[in-house]
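Work through the exercises below with the sequence and the 3D structure in view. Try each task before reading its solution.

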Amino acid sequence: MTLKVTASGEALGATIEGLNLARPLQPAELDSVLKALGKHGVVRFPRQELTGRELRDFSRQLGDLEINVASHAYQEPGVPEVMILSNIVENGKPIGLADAGQGWHTDMSYSRMIAFANVLYGIKIPRRNGETLGATQFSNMQAAYAELPADVKKTLEGKSVLHDFNKFWEMMRREKGSKRPALTEAQRKAKPPVSHPVFLRHPLTGKRVLYANPGYAMRINELPEKESDEMLEFLFEHQLKPAYVYTSRWEEGDVLVWEDIGTIHNAVADYGPDEHRFVKRCQVMANRYFREDEL
Ligand SMILES: [Fe+2]
């Protein structure tokens, strides 16, 4: 069977059938997957059956993987590149990170080396009245850049944005009732704020993208504080225009891959503690496409 890409017909998203991700991809298959990822931002591979190792080995074909040192409690045993995202509690202990990503953001925009892609594998998906819960939403930052007003493009050209890991962490504590403790001084020192250009060139499409997100962006460095605040407020609203947003609904067995340069995303928190979700994640870094000094 040959690989078949079906576009969602919406702002982002496609389904790819005809690939068994447990086996290494042929070079031509990898090319097709990357092409679809550039064009559609988010691709879904239904009905996959993968061990943690197979998920890691598939993800590695997209680039180097991050090992999240802060959350080693939620790594798959023996496969530190695989992180468990779950609200399941066993013997009084959470088996995974329960409230990951519940707010619009871009993974790793707060890192020196940013993220290229996320690979998520849905093993248990909550369901109510026959409908799956816990969708993942995306917004298209290639489109958001293209439709920025000319004066905003001109003002922001060559400028940079400060991203801070602590911003999202504190938002979760303050607004979402998360039980996360405040970051310690040592944790904050380990993840100091970093700056990246507000516009990046997308490595898969060559198009420019708006690289800012409500989760981590703190400041346009080169603008006075008040102007920066106003500009960020404008960008956060602009980048979530309904025309750019796509909602991806999960089915058990889905592998969902999205690229993090041209999209921002949000995990919809519409399920309760007894509606169990169990998802495995790998995080692919962008060092195949960018050097740190370009970011
Ligand atoms: Fe995320």
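Two residues are in contact if their C-beta atoms, placed from the backbone, lie within 7 Å. The model used here is predicted.

**Exercise 1. Overall build**

Determine what share of the contacts between residues at least 6 apart in sequence joins residues at least 24 apart, and compare the radius of gyration with that of a compact globule.

Solution. Step 1: list the elements; the protein has seven helices and 20 strands. Step 2: take the contacts between residues at least 6 apart in sequence; 80% of them join residues at least 24 apart. Step 3: turn to the extent of the chain. Along the principal axes, the C-alpha atoms fill a box of roughly 50 × 45 × 40 Å. Step 4: a compact globule of 295 residues would have a radius of gyration near 19 Å, and the protein agrees with this because its value is 19 Å. Step 5: count burial; 37% of the 295 residues are buried.

**Exercise 2. Helix 2**

Find which residues of helix 2 are buried and how they are arranged around its axis.

Solution. Step 1: a residue is buried if 20 or more other C-beta atoms lie within 10 Å of its own. In helix 2 (residues 52-60), this holds for Leu 55, Phe 58 and Ser 59. Step 2: look down the axis of helix 2; its buried residues fall within an arc of 95°, so they line one face of the helix. Step 3: recall that an α-helix has 3.6 residues a turn, so residues three or four places apart point the same way. Step 4: identify the cover. The buried residues of helix 2 are covered by elements including strand 5 (79-86), strand 8 (115-124) and strand 20 (278-285).

**Exercise 3. Strand 5**

Solution. Step 2: strand 5 pairs with strand 4 (residues 75-76) in the antiparallel sense, over two bridges. Here Glu 76 stands opposite Val 79. Two residues lie between the strands of this hairpin, and Gly 78 takes a positive phi near 80°. Step 3: strand 5 also pairs with strand 20, again antiparallel, over four bridges. Ile 84 stands opposite Lys 280 in that pairing.

Key:
Residues are numbered from 1 along each chain as its sequence is written. This is a predicted model: local features need pLDDT of at least 70, side-chain atom pairs count only at pLDDT 80 or more; totals for chains, interfaces and linings use all residues. A residue is buried if 20 or more other C-beta atoms lie within 10 Å of its own, exposed if 12 or fewer, and partly exposed in between; C-beta atoms are placed from the backbone. The arc is that of the directions from the helix axis to the C-beta atoms. The radius of gyration is taken over C-alpha atoms; the globule rule is 2.2 Å times the number of residues to the power 0.38. Two strands pair if DSSP finds at least two bridges between them.
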